[in-house]
Amino acid sequence: MNKNLLLILLITILACNSKKKEITQTIEKPNILLIVVDDQGYADFSPFKTHDTTVSTPNITRLGQTGTVYTQAYVTAPVCSPSRAGIITGKNQFRWDKPASWGPGLPDSVKTIAEYLKEAGYTTARIGKNDLGRNFHKNNVREYPLNHGYDEFLGFSAHAHDYWLNSQNIKDRTPDPYGTSALLGPLMHNMSEKSYDEGYLTDIFTDESIAFLKRKHNKPFFLTLSYNAVHHLIHEVPKKYLDKYNVKEIPNYDPDSLLAYGKHKAGTYSAYYDKYSRVGAIQHEDLRKYYLANLNCLDDNIGRVLNTLKDEKLDKNTLIVFISDNGGSPLTGSNNSPLTGGKYSLWEGGIRVPMAISWPNKVDAGKIETQYVSATDILPTLAKAGGVTITDNEIDGLNLLENTKKDRLLVWKWQKTWAARKGDWKITNAKENHWKSEPSAQYIAPIRNDLTLKLFNIENDPGERIDLASEYPEKVKELETDYKNWCEKNIKK
């Protein structure tokens, strides 16, 4: 063969191989880590420039430094169950849950991000809290992770779980081990249970997540790491963190020694849970310290996960989303400043949350995004990154990797209250509802606590201190009409 012809052929083959390699690298799907935390205060998010400086969360700060931080991120509800339904479906959950209740559940007809990604070739796992408001503690229902797209699950299906008491022994000794918040005992593990005689729950979820990350993965993975920190019981924290914040250890629940409390019988876990999930047994100053200790521990665990991604050389192609399921609770010592209210209400403090997205060379590092976005945006964003085409025209979210839409309409429905935001303006009949006791000292009370319509310019007044309804009646009418039209079109009859 002619030498020149051989040389041309060799160059052509190398070029083709190079092009093939380039295409392969271009279409390589990222691993995806979705971190959902529980009841974190807006001001307790250290990537925000104006965060509460008593907070110690250097690892959450790392997420902000390597990714984009969203200062106006909204969840779809001010409590965990409906909010988490919105996160995993990309839809306002009151589309199918007309009462806008604590328990929206998950209909067969509504697809989750885990199902989308599993169909696209992802290995899927969920570790931690699973809470869609219905069918708690059951593994044969749609709400259980293995039945909506996850290959593996380790955690609990309820609002909350004791941080220390995760063994079969304590379950056997407890008269009421199965509460929706007052829950203890072994964790659900796929179609069985896993008992832990020792260990702290936040550490356990991290240990299990690290074990998952260290496996040999032949396919991209989607891991949902859903912590129950910093939810009640806020005082349950390893001693080194209690010592750091100078607060005492409070004895764990013991069915043999507990006295009756309120409506609950002696020896019940519900009595213990109620006692320590309100201001009273723990007073204001110490409540904030327990919260900070719990948050510090959570942050250290997130750091362990981030370090593992780096050690396993997974960090360069892992997309990370961090979000709190709702605003900080008025009963734990969280700080939502400058926002009014907190968990349980449609004031900004209940639905505006910490959020960040990190993906090296794909998402701007160190960027602060001030345009308002929604937790429903997470599904279409992750689907696009995973190579999924969504044809469902009822998805409420947008792909954040492409743009953030100005002046989009966001709507909320929570029991008897509702709200809508469009551009700078928000209308709401929000009424506070933290019911258990007086709120903790960090709480900012609303200017008026009734079901009347209130109008705020959120850009100028994020704390909702100036009601402009009487000054701009046409804006009230416009937003009220927008909300009613959306509901008429989208909420199932």
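User: Which residue does a polar contact of 2.9 Å join to the side chain of glutamate 119?

Analyst: The model is predicted. Glutamate 119 is found in helix H4, which covers residues 113-119. The contact of 2.9 Å is between side chains, and the partner of glutamate 119 is lysine 111.

User: Is glutamate 119 buried or exposed, and with what relative accessible area?

Analyst: The cut-off for an exposed residue is a relative accessible area over 50%. Glutamate 119 passes this cut-off and is therefore exposed, with a relative accessible area of 59%.

User: What distance separates the C-alpha atoms of glutamate 119 and glycine 149?

Analyst: These two residues are 30 residues apart along the chain.

User: Which residues touch the most other members of the largest nonpolar core?

Analyst: In soluble globular proteins, nonpolar side chains tend to be buried together. The largest nonpolar core of this model has 69 residues. Its largest share, 12 residues, comes from helix H9, residues 284-311. Another core, of 54 residues, lies apart from it and includes Ile32, Tyr116, Ala375 and Ile395. In the core of 69 residues, the members with the most contacts to other members are Phe205 and Tyr227.

User: How many residues of helix H3 (residues 80-89) are buried?

Analyst: Helix H3 is mostly covered. Among its buried residues are Cys80, Arg84, Ile87 and Thr89. Just after H3, glycine 90 takes a positive phi of about 75°. For H3 itself, the number of buried residues is 10 of 10.

User: What phi does asparagine 190 have?

Analyst: Asparagine 190 is in the loop between strand E6 (187-189) and strand E7 (192-194). With a relative accessible area of 24%, asparagine 190 is partly exposed. Although asparagine 190 is not a glycine, its phi is positive, at about 50°.

User: Is asparagine 246 buried or exposed, and with what relative accessible area?

Analyst: Asparagine 246 is found in the loop between H7 and helix H8 (269-275). This residue is not a glycine, yet asparagine 246 has a positive phi of about 60°. The cut-off for exposure is over 50%, so asparagine 246 is exposed, with a relative accessible area of 62%.

User: Which residue in E8 is the bridge partner of isoleucine 127?

Analyst: Strand E4 (residues 123-130) is mostly covered, with eight of its eight residues buried. E4 and E8 pair in the parallel sense over six bridges. In E8, the bridge partner of isoleucine 127 is leucine 225.

User: Which residue in E5 stands opposite asparagine 130?

Analyst: E4 is joined to strand E5 (residues 152-157) by six bridges, and these strands run parallel. In E5, the residue opposite asparagine 130 is serine 157.

User: Is the pair of tyrosine 144 and phenylalanine 153 stacked or edge-to-face?

Analyst: A search of the whole structure finds 21 aromatic pairs. The ring centres of tyrosine 144 and phenylalanine 153 are 5.3 Å apart, and their planes stand at 85°. Planes over 60 degrees apart count as edge-to-face. Both residues are buried, and because of the angle of 85° the pair is edge-to-face.

User: What is the angle between the planes of tyrosine 163 and tyrosine 200?

Analyst: This aromatic pair is stacked, with a distance of 5.3 Å centre to centre. Tyrosine 163 lies in the loop between E5 and helix H5 (168-173), and tyrosine 200 lies in the loop between E7 and helix H6 (201-214), 37 residues apart. Both tyrosine 163 and tyrosine 200 are buried. The angle between the planes of tyrosine 163 and tyrosine 200 is 15°.

User: Over the ring of which residue does the charged end of lysine 362 sit?

Analyst: The charged end of lysine 362 is 5.3 Å from the centre of the ring. The residue that bears this ring is tryptophan 359.

Terms used
Residues are numbered from 1 along each chain as its sequence is written. This is a predicted model: local features need pLDDT of at least 70, side-chain atom pairs count only at pLDDT 80 or more; totals for chains, interfaces and linings use all residues. Side-chain values use heavy atoms; hydrogens and water are left out. Helices (H or I, at least four residues) and strands (E, at least two) are DSSP runs, numbered from the N terminus. Buried means under 20% relative accessible area, exposed over 50%, partly exposed in between (1.4 Å probe, protein chains only). A polar contact is a pair of N or O atoms within 3.5 Å; within protein, one must be able to donate a hydrogen and the other to accept it, and residues adjacent in sequence count only if both atoms are side-chain atoms. A nonpolar core is a set of buried Ala, Val, Leu, Ile, Met, Phe, Trp, Tyr and Cys residues joined through side-chain atoms within 4.5 Å. Two strands pair if DSSP finds at least two bridges between them. Rings of Phe, Tyr and Trp (its six-membered ring) pair if their centres lie within 6.5 Å; planes under 30 degrees apart count as stacked, over 60 as edge-to-face and the rest as tilted. A charge sits over a ring if NZ of Lys or CZ of Arg is within 6 Å of the ring centre and within 35 degrees of the ring normal.
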